[in-house]
Amino acid sequence: MYSNIKLDLVSAKAEATAFDCLPHFCKLPLKWADANRIKINEGNILIQSIAHYLANIELFEYSLTTDSVINFSVSEPSFLMFVTAQGSHLCYSPPGDYKKNIPRGDHAVLILTFSIDWTMRKCKRLPEMQPLITHFQNAPDQYFSLPHSGLASSIFKTLGKLDHKTNHLDVDADIHVFINDTFNKYYSKLISKKTTKTYHQQKAEDIAKFIEEHFATEIAQDLPQLASRFMVSERNLARIAKLAFGIPLHEHVIKTRMKASLHQMIETKKPIYEIARQNGYQDPHYFSKAFKKHFGMPPSQVDRTKDNALHALLGVQSCQQLS
């Protein structure tokens, strides 16, 4: 199997490099790889390649003195996995010319070019991979990527272990395992992300329902108690509440209390201190301050006998605050 990825470097000077002559910036020497060093005006690139019938493995290590743009081309339809320090993602790339911005310094990019047939067979048994296959079949001229996952450290570490093999037959089998496991790890991470997202959405719905029913109670603003009730950490509770309401939990509780208070002031003749108590404020003075902050006037200045006037007076503010 040969590489589908070709670098297009105008100022490049390439030379084959033996394993015992790899440049100093090489952080992951691969004994079983073919190595080529490319010198460009901006610095050096080392490419270590391992050909396998499941995938072509290419490790690009850059040592650049300035920020650079690397031009490369994909020669035929390809399923590629890119692995960098920032994470990994699996994509479909149609033939064409591409560019990648590389910041100055030392960087590594691992690219696995998977066999089309193997990837198709593999994805048929993995539901979360179906969008990749569907795109390849229906829109082969368009680039498509699955989500990023943070597997870089694990993948680079596993690849480095291949260097300790001393038998060619063992290496071939281990490369097979590495390619298959890398694909499986990415899929597992994809499933995990979806499961976590679904879990958080369900928790968000549960929290929203609870706050709607208990906004006037003390627990509505008691993060430790709420976290214990929903069996999450306080930090995760804050995140899930933001997912549920779009604003921090305490702001949503205040917003809900003010909405209920305003409704009672318009629709009932209850005294303000009673409305305050029924909506979670034992201190009428504190309620008055919160009401004024929210609506721009204290409750004592609201003419509760003139509903139309009240709506007109508070309409803009209440619509903004209660939407």
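Here are some questions and answers on helices, strands and one glutamine.

Modeller: Quick heads-up that this is a predicted model, where local features need pLDDT of at least 70, side-chain atom pairs count only at pLDDT 80 or more, and totals for chains, interfaces and linings use all residues. Residues are numbered from 1 along each chain as its sequence is written, and side-chain values use heavy atoms, with hydrogens and water left out.

Colleague: Fine. On the other side of α2, which residues are exposed?

Modeller: Start with the buried ones in helix α2 (residues 130-138): L132, I133, H135 and F136. They sit on the same side of α2 because they cover an arc of only 160° around the axis; that arc is taken from the directions from the helix axis to the C-beta atoms. Buried means under 20% relative accessible area, exposed over 50%, with a 1.4 Å probe and protein chains only; helices are DSSP runs of H or I with at least four residues, strands runs of E with at least two, numbered from the N terminus. On the other side of α2, the exposed residues are Q137 and N138.

Colleague: And how wide an arc do the buried residues of α3 cover around the axis?

Modeller: In helix α3 (residues 152-161), the buried set is A152, I155, F156, L159 and G160. They lie on the same side of α3, because the arc they cover is only 135°. On the other side of α3, the exposed residues are S153, K157 and K161.

Colleague: Last one: the backbone nitrogen of which residue lies 2.8 Å from a polar atom of the side chain of Q48?

Modeller: Q48 is in strand β4 (residues 43-51), and it counts as buried because its relative accessibility is 1%. Leaving out residues up to four places away in sequence, the residues Q48 touches include L22, L30, A35 and I57, where contact means heavy atoms within 4.5 Å. The C-alpha atoms of Q48 and A35 are 4.4 Å apart, though the two are 13 residues apart along the chain. As for that backbone nitrogen 2.8 Å from the side chain of Q48, it belongs to L30.

Note on methods: Polar contact = N/O pair within 3.5 Å; in protein donor to acceptor, adjacent residues only side chain to side chain.
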